[in-house]
Amino acid sequence: MFIQTIITGLSIGSVYALMAVGYSLVFSVLNFSNFAHGAIITLGAYIAWAVMVHYLQVPFFPALLLSMGGAGILAFLNERIAYSTLRRRRAPSLYLMISAMGVAISLQNLLYATIGAKLYALPPVFAMDVVHIGDLTISKMDIFAFVFSALTIAVLHLILIRTKVGVAIRAAAHDMEMVSVLGVNLDVLVGVLFFLAGSLGGMAGVFMGVKYMVYPSMGWITNKAYIGAVIGGLGSLPGAIVGGLLLGLLEALVSVSSLGGTSLSTYRDVFSFGILVILLIFKPTGFFGRHVEDKL
Amino acid sequence: MLLSVEGLNVFYGEAIHALRDVSFSVEEGEIVSIIGANGAGKSTLMWTLVGLLKPKSGRILMREKPVRPIPHLSVAAGISLVPERRRLFPHLTVRENLLLGAYLRKDRKGVEEDAERVYQLFPILKERLSQYAGTLSGGQQQMLAIGRALMSRPKVLLLDEPSLGLAPVLVDQVFRAIQDIAASGTTILLVEQNALEALQIAHRAYVLEVGRIVLEGKGKELLNNPIVRAAYLGVAQHTEILLERTNHGESATFEDSPPTTATTAPDSKMFIME
């Protein structure tokens, strides 16, 4: 039972990590919390629903790729329309964050107004399949989400370490102006950054959609991924991974725990948001925060 | 003419007129120095030349072609900056810092050749390639900043206060390197508070005062110019010592005291402090 809880926790934690990395990537370079990321993740899930269920019957893997690409492009457009002018004027990051909140709320309401508040299910890819290992019964989707999230983050890491644009992104996390003086077109760089964050979000959105449902306010769950990013230290890639996994694990453990005969599962969100408040009091920079270690 | 600047006016906001009708030129193969006090507009000029600041009026031309004030276009036009305080990426390795300097280049072989050239110029960098730039000493960091700027294979290399914060021995080393770079065919535009070193290696030089170019001439000429000597080479210091001695009742001669303009020259004290 305990090991099974750990596996569930790691699985949901890895999806949190996938989303948290998107928050951290953007924060590391542009220094603001991009709260529109949740809306992009939701739209990623809706893309999967549209191509797998509503309009076409595209199989899971191509649909996953379409969601990633689509969410990446949407994130790119989000930056171009809502943030780029503020960024070029060097507006304080608070303004960018407020703009992001505006984007998040209007996109969510756009979904309510057009597609409606109905909950849609994605085809139960793997969801019903289970693997038995000894006494353990593990959902294939859990394994799949964990493995794919881990692989995707590993690929992102390689991009940041090995490619020219990746090194430039890491450099921009320290000094964006200097990066431009070396010949890097910042519009392109930030575009790549948002595409990467968005496509990771698209993948997370699909996993969430399969595990839960697709509905306009599902982006709210991404707030927890944001908490994960803060726990790990906003702007740090390892921090986002550790924070996301940790939050997933703790949530899974709280859900199965009980106190004096009462199950704590209803306290799950009290717990995860409470952790955020307490952590910010004692360690506001998170585990891998920028004041402790270099960003990304 | 490799680089010409015509009637540059730069403002911070509405009120602060940082550069006033600044015009000058740099010929192919030259070392040109611009000296000036703190706040004279030297760094403003450098940032404008690389497109980080947009001039209100005036033009920047490379080989008679106007350069639009956008950083990556300036680099593409052959202008490369070693900024004040170096601005390296401390959490990136020495090699990553160097390669970022070659960001716009597609010729891998040429980039490797230029990296070798940088290692020849600063052998210590080759030993430190996989080390984080933040772990280098101040002098090594300045070398890396110069190397990084050279990696774009610039036509003109701009250096903003390369001697800042360096021990005298290292200052000499950096200025020798600048001369080596010039000798290998890269044109140099140098702004410095360290007027003595800057004028000694310069073919030509300009004096920038409160956003305006007030003097120009050959480097050696300016070294002997009384106003420059008083305001930027610390000759006034001599006067002050003499004055102080007089105050203590010692006899003093004023034979070699500079002309009266010297004592009123702006910021002369600033330089004495340096």
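Two strands pair if DSSP finds at least two bridges between them. Strands are DSSP runs of E with at least two residues, helices are runs of H or I with at least four, and both are numbered from the N terminus.

I noted first that this is a predicted model, where local features need pLDDT of at least 70, side-chain atom pairs count only at pLDDT 80 or more, and totals for chains, interfaces and linings use all residues. Residues are numbered from 1 along each chain as its sequence is written, while chains are lettered from A and ligands numbered from 1 in the order in which they are written.

**Sheet of chain B**

I looked up the sheet in chain B and found six strands in an open sheet, ordered E6-E7-E8-E3-E9-E10, with mixed pairing. Its edge strands are E6 (79–82) and E10 (212–218) of chain B, each of which pairs on one side only.

I then checked one pair: E7 (156–160) and E8 (187–192) of chain B run parallel over five bridges. B:Leu158 has B:Leu189 in E8(B) as its bridge partner.

**Contact between the chains**

I counted two residues as in contact if their C-beta atoms, placed from the backbone, lie within 7 Å. By this, 20 residues of chain B are in contact with 16 residues of chain A. On the chain B side, the elements giving two or more residues are helix H2 (71–76) and helix H3 (94–101).

**Chain A**

I looked up the secondary structure of chain A, which comes to eleven helices and four strands. Its C-alpha trace spans about 60 × 50 × 35 Å along the principal axes.
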